[in-house]
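Hello,

Have a look at it, and then read on for what turned up.

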Amino acid sequence: MDKYDRAAQHIKESLNTKNLAECLSQTGRFSYCALCATSLSCLYKYPLNVDFKLDCLRVLCNHLKLMLQLPTMREMANCELPLDAKVYVRALKKEEVLKEGMMIIVQDLLLLAISNGTYDARWRVLILYVTRVFDLDINTVDNFELNVVNCLSNLLPVQTEQEQADAARRIRVSKTKRFALIGLASVGGGILLGLTGGLAAPLIGTGLSSVLGTSIVGAIGSVGGTAIVGSLFGVAGASLTGYKMHKRVGDIEEFQFRKLSTDIETGDIHLHITIVISGWLNDDKETSYSKPWEYLRDSPEQYYLRYESSYLLEFGKAMEYFFSFAVSVAVQESLKYTVLSGLMAAIAWPAGILGLASVIDNPWGVCCRRSAQVGKQLAETLLTHSHGNRPVTLIGYSLGARVIYYCLREMSQREKCQGIVQDAILIGTPCTRNSSDWNKISEIVAGRVVNAYCRSDWFLKFLYRTLSMHANGVAGLQAIQSVNDRIENIDLTDIVSGHFEYPQKLTEILMYIGVNVDESARIKLITTQSVPEKMCESLKINDDYTVKKSKSVIDLTTIDTKKNET
């Protein structure tokens, strides 16, 4: 057995996939494609996504040998009326090859999605959506993605001395060429496909093709295979920790990504990444950035954005001083409410607090301006695909959420901005709640756009007391009116009492929103009964300690119908 056969055998055992174009019946192939078409109809109704839906269906029809059915599938995908997917699910379950489970369909879709070297966020949302249709655990998608990454990165052939010499020579003479830098790499270390001189690409292609058929992965083993694999993870390397600002926006002084540990051995890279952004700092330690997110498990590859630390620290210290002074003022004013919530209902701000406004207003104004510039810099980073061509989830609170807002707003004004951001979770966002602006940014996000707010956030209300934006309202204080139902408004008033509690209660907030957190943290919160009653009801905590799964966009009507039937 030569190295190619060994590679093929390893991939076959690791991925356990089948060539569904050959294994499914005519009815099965039609049902598979129709299920995806109905899902696309439910997920993407914007005109901006018409071309994507057509491209997606063209790939599916070609793969399943149903090109004659493409017009029919296109009509289904563009249908404005809700379509029932249950009939296609029932038909697929009758297929002999799917008796082992419907995960085979999900795996097939994922391999189709990355076959051209670009993992579009809308593809991943579709995959997660179909996974929920089959009532499968969303985490199985992450697990299979990890298996794919392992197959693409670990199956490097053992080179002879001559091959090593030839590879080294090719690298020396191709320093000015793009492909010399392509690879599954990180600046701090990792596997470099470029170091093999492209020898890994034919191996990978051969291995995958023998299992899946050339219709899905033939391109990976072709002459341009190295470029395709490199395209997924970035020309400059997979890890964002090596990102350098080549085009500075405004007067930004600090902008870099750091790895957020997940305490899980999954390797350095993944097919989906998550970037988290904090709102302020309490001290100058590195943990001030990472501590609030320590239990987040949204992706095996997670980063936090370190930005403008000196200004965030100044703002954090001003917040602490302002808060301690406000408590004494509240006592003097006899506001008998928990954590100053009575200030929200006050007709006029107490004179003592207004007298201290200068302490907080200046650092707040500076951080607001700089966070907007950082957001534009983040947009530049994503639009230039410094992270490769992989879906990105953005999560932030306070000024971190403001960074995300301005990032999405900047992206919405640029070309080719779709298919990059999968989900955007904005918590306590200090920015306008103008529905027109929010509807624009929701169009470029493939999955969820969440506005999590607290109605009793007196601090945020105070900061915006004199600004004209207050006419439209502040996103971190109330719901946003969405004409297209693409924006999820989540009220956190029963979880946090104000702006200061966001970092401390971030794990509870993420659970409530539906973002994956560490199992130990979830059980600890449940067993210690440290979550509000309303949150217990939403998460079904009293029912076998279960919480709702992370979702994308909306739940399928068929899922709700199925639950009602049972």
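Strand β5 (residues 421-427) has the highest mean pLDDT among the elements of the protein chain, 98, while helix α24 (residues 557-565) has the lowest, 39. Here pLDDT is the predictor's confidence in each residue, from 0 to 100, and helices (H or I, at least four residues) and strands (E, at least two) are DSSP runs, numbered from the N terminus. This is a predicted model, in which local features need pLDDT of at least 70 and side-chain atom pairs count only at pLDDT 80 or more, while totals for chains, interfaces and linings use all residues. Residues are numbered from 1 along each chain as its sequence is written, and side-chain values use heavy atoms, with hydrogens and water left out.

Two stretches need care. The pLDDT is below 50 over residues 541-566, a stretch with 62 contacts (heavy atoms within 4.5 Å) beyond near neighbours in sequence in the model. Residues 334-339 also have pLDDT below 50, with six such contacts. Where pLDDT is low, the predicted coordinates should not be read in detail.

Now for the sheet. Seven strands form an open sheet with mixed pairing, in the order β1-β3-β2-β4-β5-β6-β7. Its edge strands, β1 (255-260) and β7 (487-491), each pair on one side only; two strands pair if DSSP finds at least two bridges between them. β1 runs antiparallel to β3 (residues 301-307), joined by six bridges, and Leu260 has Gln302 in β3 as its bridge partner.

Happy exploring, and write back with any questions!
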